[in-house]
Amino acid sequence: QAKQQGRATYRFYTQALHDQSVERVQLERLLRHALERNEFELYYQPQVDLCDGRIIGCEALIRWNHPGMGQVSPARFIPIAEQSGLIIDIGNWVMKQACHQAKRWHDQGWDIKVSFNVSARQFMRSGELMQSLRDALAESGVDPTRMEVELTESLLLDPQGMGEILHEIRALGIQLALDDFGTGYSSLSYLRRFPISILKIDRSFVSAADNNADDAEMVKTIIGMAHNLRMSLIAEGIETNAQRDMLETQGCEVGQGYHYSCPVPATEFSLLLQQGIR
Ligand code: C2E
Ligand code: MG
Ligand code: MG
Ligand code: MG
């Protein structure tokens with residue numbers, strides 16, 4: 001009985017694994033043509049001054065519009081792009097697109113910064129990453145100090161290699177933000193050896209903080225220590241007024257989240273800039 005059950009469970013899991021890998025292979029195949037078929041689009045989510053509600057910048061977030069499948073979430077395809085190496089070309093497209101769009105907004109008189117995500121695989125090919133960043137800046141003519149690279153904490157586990165490339169990126173003028181902060185292992189004092197000027201407090205703390213005293217205390221500690229290190233803060237995933245109020249009270253200066261706006265296409269973001277939020 002037990003043995004039979006075991007076998008059935010085993011068959012169930014291998015079938016599920018098989019389905020998963022078939023899906024992966026299919027997605028990867030479609031992903032290979034997505035760039036040339038122009039199926040990617042950047043959406044932009046506003047980053048808002050928590051005091052006065054002004055839009056001070058935005059994060060560029062990739063969307064894949066597939067004719068048959070509709071919009072595929074980055075949570076689904078970015079891991080596949082990373083494992084297959086496709087993230088290099090996709091990432092280069094993202095930075096070019098983000099730089100050109102930022103330049104357009106600046107030319108229209110909007111004083112905003114634009115951040116974009118760079119994945120571990122891109123950092124591993126550091127020579128190519130630097131060249132792509134230089135190209136994107138030169139081709140677009142954007143002011144590099146208004147551009148921001150978002151990286152995740154796990155990358156900092158290799159301090160030697162990362163320190164060097166992060167300093168090179170900083171030397172271009174681009175600012176560095178640590179994404180999803182609080183979910184990894186790095187202590188704030190450890191962060192001092194890297195030229196990172198912005199911490200993005202992970203959504204999990206923000207959403208828990210207005211009903212959980214421990215999380216609220218944690219957020220307070222992160223904000224206090226970041227300020228001691230002269231870093232600025234962005235709270236991710238603000239969904240409610242209570243969360244916004246709590247973060248402002250604790251001294252967080254900037255927020256991002258559905259409470260203000262979900263990520264939107266560039267034309268809609270232009271409208272947000274004109275009309276303001278709310
Ligand atoms: P991330 O960089 O941490 O981006 C924030 C994610 O949280 C976005 O999901 C955003 O839509 C979502 N979000 C924003 N506000 C709220 C909120 O109030 N509530 C909730 N529940 N979610 C909120 P998205 O766009 O689906 O992207 C997911 C992840 O995919 C990103 O997380 C990032 O790691 C990755 N990603 C997206 N675009 C790119 C890209 O161009 N390159 C790379 N390498 N990764 C990307
Ligand atoms: Mg990000
Ligand atoms: Mg994030
Ligand atoms: Mg995140």
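Start with the cavity lining. In the largest cavity, α5 supplies the largest share of that lining, three residues. Helices here are DSSP runs of H or I, at least four residues, and strands are runs of E, at least two, numbered from the N terminus. A cavity is a set of points on a 1 Å grid over the protein atoms alone, where a 1.4 Å probe fits but cannot get out; lining residues have an atom within 4 Å of a point.

A quick word on the source. This is a predicted model: local features need pLDDT of at least 70, side-chain atom pairs count only at pLDDT 80 or more, and totals for chains, interfaces and linings use all residues. Residues are numbered from 1 along each chain as written, chains are lettered from A and ligands numbered from 1 in written order, and side-chain values use heavy atoms, without hydrogens or water.

Back to the cavity. Which residues line it? Ile88, Asn92, Gln122, Arg125, Glu128, Leu129 and Ser132. Two elements give two or more residues each: α3 (87-107) and α5 (126-140).

Now the metal. Magnesium ion (ligand 2) has four protein donors: Glu59 (OE), Asn117 (OD1), Glu150 (OE) and Asp179 (OD), at 2.0 to 2.2 Å. Donors are N, O and S atoms within 2.8 Å of the metal (3.2 Å for Na, K and Ca); water is not among the atoms, so sites may look incomplete. Their spacing along the chain reads E-x57-N-x32-E-x28-D. Glu59 sits in strand β2 (residues 55-66) and Glu150 in strand β5 (residues 147-152), 91 residues apart. Asp179 also coordinates the magnesium ion (ligand 3), 3.7 Å from the magnesium ion (ligand 2).

Conventions. On a 1 Å grid over the protein atoms alone, a cavity is a set of points where a 1.4 Å probe fits but cannot get out, and a pocket is an open set with protein on both sides within 12 Å along at least five of seven lines; lining residues have an atom within 4 Å of a point.
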